[in-house]
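Please look through the model below from its overall form down to single residues. The text that follows takes the chain as a whole, then its charged side chains, then a few backbone details.

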Amino acid sequence: MANIIYHEKARIFHLYNDKISYLIYVMENGHLGQLYCGKRIHDREDFPYLVEYSQRPTTSYLYSDRDFSLSHMKQEYPVYGSTDYRQPALEIKLENGSRISDFCYVFHSIQPGKPKLEGLPATYTESDEEAVTLCVTLYDQIAKARLKLLYTIFDSEAAIARSAKIENDGNRELHLLRAMSFNLDLPDKDYIWMQFSGSWSRERYIKERVLEPGITAVGSVKGNSSHDQNPFVVLKRPYTTEETGEAFGFSLIYSGNHLMQAEVDSHDVTRVTVGIHPFGFDWKLAAGEAFQTPEAVMVYSDGGLNAMSQTFHRLYGKRLARGYWRDRPRPILLNNWEATYLDFDEPKLMKIAQQAKNCGVELFVLDDGWFMGRNDFDCGLGDWYPNPDKLPNGISSLAEKIEEMGMRFGLWFEPEMLNPDSELYRAHPDWIICTPDRHVSHGRHQYVLDFSRKEVVDYIYDRMSEILSSAPISYIKWDMNRSITECYSAALPPDRQGEVFHRYILGVYDLYDRLTKAFPEVLFESCASGGGRFDPGILYYAPQAWTSDCTDAVERLKIQYGTSMCYPISSMGAHVSAVPNDQVFRNTPLHTRANVAFFGAFGYELDLNTLTEDELVEVRGQIDFMKKYRNILQYGTFYRLKSPFEGNITVWMSVSQDKKQAIVGWYRVLNGANQPYSRVRLQGLDPDLLYRNNLDGKQHYGDELMNLGLVTTDIMSGEAPQDGSACTDFESRLYILEA
């Protein structure tokens, strides 16, 4: 049971449940300090030994007694310039140009449940019994600014959600130059920093480094969370594994510019800050205005990385994702993109759809190219009217024909972009993001619409809602293929240009919010050249995202493994595509492509008519398998067992909630000669249940499989199959364990 206790005499707040304790206090200068964050401890009236004072050379002190210096105090929401030289959580510029702040405790409130963040995605509760929220109010008398720090601790998870709200209570304007969502000062630096980095088609690769004095940071200033650095980092102890040891996960529920940073000071205190990237950020607060930061979520685990990830999976799968599709098995889809690209007409689409229906596909998705003028990548984008040359009877006719087949129909949009060769651009050239008198760059022959402007968002909403209202559309693939350059809005004055990046994301959220409310049963899937905006902010509106444009099964092992550190399996769009693969030109077996894609929102990205009859039989079997087991695959408890970043073999598994079924995915990149014996220790089974292995029919108790291991030895016979079907590179197996 989550609880928050305030000890008035010591001025200590204790946030705790049966898994975690979080201790903060009011320091002698009125600021908030950090005492402890970690495994649950007993509550006490005071923890005086956790506040360490020490005189040190070259230190600046607030008071004459040379004891109290912010340089050596662990703080909750620090500011710069008054004896603390570390990077702050908050920086405000006053009218006189000064940047010194002094936010002192005024009062606090404790309430059941969790309040909403206006205009921003955030975790939520469905009853007041699920969480408790602390709001601490602090005030700066000189700036006439009010600071509200929100802390929510969840009843059943070792997770704390945090955000900050800054209000201008005076009659002079203020400028926010930095407003982070989260700060945590940890008492030592004995951590391995894990980040999730990459680029287009190799997103969220796990990268590790040892923390040392100085700053370790990742972030994005592209206007989107980016392919390059995900807004999620982990600090783990050097001894921590997937199964054991301490780890902290830090996640930002935001889709724009972000900063994830750890600063180790000269005395090995580690300061973690998470929030909107301060580079180029300048938010004007006129009298009476307020700014709400995005929400950050911290998860603590003393049971290894799998336990940390499972907390994120439960929390983000059930209390961040929302709506009709949150808990439903995701439909098996076929997307026409890699089958046709922009070259299609209605008869070609119907032929592909008919074969998809024959194989058991449930959702047919029409990708890019269906709208006016869209015959190449440099034209038409923004003109959301069906192209009569390709679809003479419009979207509605095609959608109705697909529905009559017994499948659902889905449609692609890229609502945030337009081509210069489009009617929309010719009518509204001022609607793009660009800087006056400067060169206008493009990406993929596209410009970015200025979603910081309400009239632009309103126009796109009208066009999308008209299409959605005109046809039986069950799914939207929302693409975004370009980052922001020359960031400037023609609709904002000079002193508000530092707000454009954030206002843009607020516009994206507004459009998502309006569409999901108007069409609550439509399944939205986010896409951003694949994984360029795979973040918790989008998950709030779209319960699944296209994980990466790379559909190669071998590359997907790393991409999906890294993504699973934070994001639920149900959120990962994963498809079987044609070979040679379109991104890396590799040939992988059809069963391996499916065995990787099963662990996600499953589908196909090819023309099934190009397959042989034997392959079509295999596809039908794959679809039947997914329909039978998708609840376990998408909503079971997921465990990573062997990492593709550490060897030739990858293993992961998913266990049903009642622990009576488990599916183990085993993947080998390259074959080898006369390989050693091998077994893998499984996780999450019931030790007292007897499980039958579908591959060999043998039965083993759960404690055997978890302690002795599942035998995965692959002994070569020395004879290749005569039909030429052998492909022992890129091999895979699924072990189905039934109690």
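Helices (H or I, at least four residues) and strands (E, at least two) are DSSP runs, numbered from the N terminus. This is a predicted model, in which local features need pLDDT of at least 70 and side-chain atom pairs count only at pLDDT 80 or more, while totals for chains, interfaces and linings use all residues. Residues are numbered from 1 along each chain as its sequence is written, and side-chain values use heavy atoms, with hydrogens and water left out.

The protein chain has 12 helices and 38 strands. Its C-alpha trace spans about 90 × 70 × 45 Å along the principal axes. The radius of gyration is taken over C-alpha atoms, and the globule rule is 2.2 Å times the number of residues to the power 0.38. For 739 residues a compact globule would have a radius near 27 Å, and the protein chain, with 27 Å, agrees with that.

How much of the chain is buried? Buried means under 20% relative accessible area, exposed means over 50%, and partly exposed lies in between (1.4 Å probe, protein chains only). Of the 739 residues, 60% count as buried. Accessible areas come from the Shrake-Rupley method with a 1.4 Å probe, and for residues only the protein chains shown count as cover. The protein chain exposes about 28,000 Å², of which carbon and sulfur atoms supply 49%. A contact means heavy atoms within 4.5 Å. Among contacts between residues at least 6 apart in sequence, 69% join residues at least 24 apart.

Charge comes next. Lys and Arg count as positive and Asp and Glu as negative, with His and the chain ends not counted. The place of a charge is taken as NZ of Lys, CZ of Arg, CG of Asp or CD of Glu. The protein chain has 76 positive and 101 negative charges, and their mean positions are 2 Å apart.

Side chains of opposite charge can pair when their charged atoms come close. A salt bridge is a side-chain nitrogen of Lys or Arg within 4 Å of a carboxyl oxygen of Asp or Glu. The structure holds 48 salt bridges. One of them joins the side chains of Glu91 and Arg99 at 3.3 Å, N to O; Arg99 counts as partly exposed because its relative accessibility is 42%. Another joins Asp421 and Arg426 at 3.1 Å, N to O. Here Asp421 is partly exposed at 38% relative accessibility, and Arg426 is partly exposed at 46%. Glu613 and Arg620 also meet in a salt bridge, at 3.4 Å, N to O, and Arg620 is partly exposed at 26%. Salt bridges also link Glu126, Glu130, Lys318, Arg319, Arg326 and Asp327 in a network.

The peptide bond from Val579 to Pro580 is cis, with omega near -5°. Pro580 has its place in the loop between β29 (572–577) and α10 (590–597). Phe585 lies in the loop between β29 and α10. Phe585 is not a glycine, although its phi is positive, at about 65°. Is Phe585 buried or exposed? With a relative accessible area of 61%, Phe585 is exposed.

Ser201 has a positive phi near 75° and is a residue other than glycine. The place of Ser201 is in the loop between β11 (192–197) and β12 (205–210). Ser201 counts as buried because its relative accessible area is 10%.
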